[in-house]
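Please look over the notes below beside the coordinates.

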Amino acid sequence: AKSQLVNYRRLLDAPTIACDPAYCIKAADISAPEILRVSPTEGFVVGGTLVTLQVAGLPAFSAADIKVVAGEGVTKAFGEVVSLTQEPGSSLTRSKGLLVLRTPAVDALSQLVGFTVSTKVDSESRSATFKFDYLPALSGATTFVQVSPASMYETTESDTVSLALSLGSVPRLARPFVLSDIMVKVGAGAYAPASKITSSDRDSTTVNVEASMALPAGTIDISAYSASRGIATAGVKTIDVVPAPAPSVVGAYPSDGSTDLAHTIAVTVQYVPPAFKLSDLTSAQLVASQKGKYPVEILSVENKNTKCKHTYCSLFEVKVRAPALNTTDNGGGAARFSAHNAAGAMFSWNFTYVASGKPEVLGFSPKWQYVVSDENNAAATSRTVTVFLTNFPRPACTNTLACKADAVRRQTHVRFSRDGTAVDVLSPSESMRETADGMLSIQVDAPAKAVIGAESLTVWAAAEGELLRVETDVFSFEYVAPPRIVSP
């Protein structure tokens with residue numbers, strides 16, 4: 001291997017025929033280049049970006065002696081060396097200067113690409129590397145990658161409109177961000193710098209914009225562009241301005257209660273005018289599951305979002321007092337409440353009534369029976385007793401006309417008892433009748449008795465699943481002496 005090389009630079013400066021050691025250099029003494037600074041550090045994939053490198057120890061003195069390669073393998077591309085300027089006194093062993101190159105075009109999906117800057121001194125090669133960030137090529141108008149909110153509610157009063165825009169086809173911005181790098185226009189207003197730039201990368205730049213205006217229902221145009229690309233590249237995004245929703249109930253507490261009690265209910269309502277007040281409500285009513293209608297007292301209206309100036313963000317609490325229901329509705333079930341203004345029903349909500357009321361005997365007939373006068377024909381004195389019941393065997397069955405089915409399934413009996421002795425008589429299903437208002441009638445044949453006196457009667461039904469055994473209060477049935485027959 002060669003131990004010394006000709007120092008061509010010195011030889012050119014002072015030609016000589018003899019090989020003076022002063023004009024020779026050891027291969028090991030040739031400096032290794034170092035890239036001290038790269039500017040800019042990014043450019044577009046289409047290439048053509050002029051990049052200035054501050055280099056030290058680059059053993060070259062002509063642009064033609066330098067080769068620039070981007071990438072490697074089959075994807076590598078060659079850059080163009082535009083100029084090389086070395087500081088006075090630079091040599092093959094020590095130098096400092098500026099190298100200007102033009103980046104080559106690369107694949108559209110390229111991102112951070114390694115560059116190699118190399119030169120040769122005779123047979124000795126020296127090189128240095130740096131990274132360059134390739135950005136997508138920008139063309140056409142600014143695009144709107146995302147707009148939040150995607151739509152807005154109409155407003156009747158001027159207020160601050162706030163939008164977050166994610167923009168494409170704009171250059172990546174360097175920190176610290178300069179607001180005027182992104183210009184935005186909302187509606188018919190003028191272009192103004194973004195209110196805030198939150199992020200910027202190779203794919204998109206996200207900004208916040210605020211403008212003061214009222215928003216009538218319809219559409220509104222948002223325009224934006226990058227100052228570096230110019231207003232000619234402005235893009236437009238049209239977003240919907242939708243009418244505020246109709247008033248609706250968010251929740252009601254309590255949401256259920258017994259039919260035999262009055263209830264104060266706190267109703268949370270949204271989407272009502274922000275100036276909503278108690279006098280705006282003219283009436284309220286509830287319709288029970290059996291279609292019974294009841295007036296409802298409106299107690300108060302309270303604004304729960306006092307900072308809201310618009311219908312779409314309003315939130316109110318309306319307190320009402322509902323009366324106890326009539327006995328015809330004590331089977332409970334779903335009820336529908338509604339509150340009205342001068343134009344009609346304004347909002348409504350559901351309430352579940354829990355059945356109330358115990359099984360009750362409304363009446364019975366006949367109320368007496370003759371005692372046995374002929375022991376050989378006791379059945380001849382038996383009478384069929386009809387008992388009229390409500391809330392039997394449970395209050396809720398009155399709503400669904402299921403009382404008869406429940407009574408049959410739960411083996412309904414009438415108990416005749418006196419002096420600790422009881423007789424249970426099953427009511428046959430075919431004798432049961434159910435009315436449209438939930439009243440149930442049953443029939444049993446009263447047992448024959450030989451002793452005059454009162455019997456205590458109760459109607460009972462057996463337990464079923466979670467339903468406990470149920471029975472009515474006691475009612476009285478008389479056994480009386482038959483009339484005397486005088487003959488002749």
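The points below take the basis of the model, then the strands, then the disulfides.

1. This is a predicted model, in which local features need pLDDT of at least 70 and side-chain atom pairs count only at pLDDT 80 or more, while totals for chains, interfaces and linings use all residues. Residues are numbered from 1 along each chain as its sequence is written, and side-chain values use heavy atoms, with hydrogens and water left out.

2. Strand β32 (residues 413–418) runs antiparallel to β33 (residues 421–426), to which 6 bridges join it; strands here are DSSP runs of E with at least two residues, numbered from the N terminus, and two of them pair if DSSP finds at least two bridges between them. The two form a hairpin with 2 residues between them, and D419 in the turn has a positive phi of about 55°.

3. Strand β32 is also joined by 5 bridges to β36 (residues 453–461), again in an antiparallel arrangement. V414 stands opposite V425 in β33 and has V459 as its bridge partner in β36.

4. A search of the whole structure finds 2 disulfides, a disulfide being a pair of cysteine sulfur atoms within 2.5 Å. Counting bonded cysteines along the chain, the pattern is 1-2, 3-4.

5. C308 and C313 are bonded with an S to S distance of 2.0 Å, and the disulfide is right-handed because the torsion about its S-S bond is about 90°.

6. In the disulfide of C397 and C403 the sulfur atoms are 2.0 Å apart. C397 is buried at 0% relative accessibility, and C403 is buried at 0%.

Definitions and conventions: Helices (H or I, at least four residues) and strands (E, at least two) are DSSP runs, numbered from the N terminus. Buried means under 20% relative accessible area, exposed over 50%, partly exposed in between (1.4 Å probe, protein chains only).
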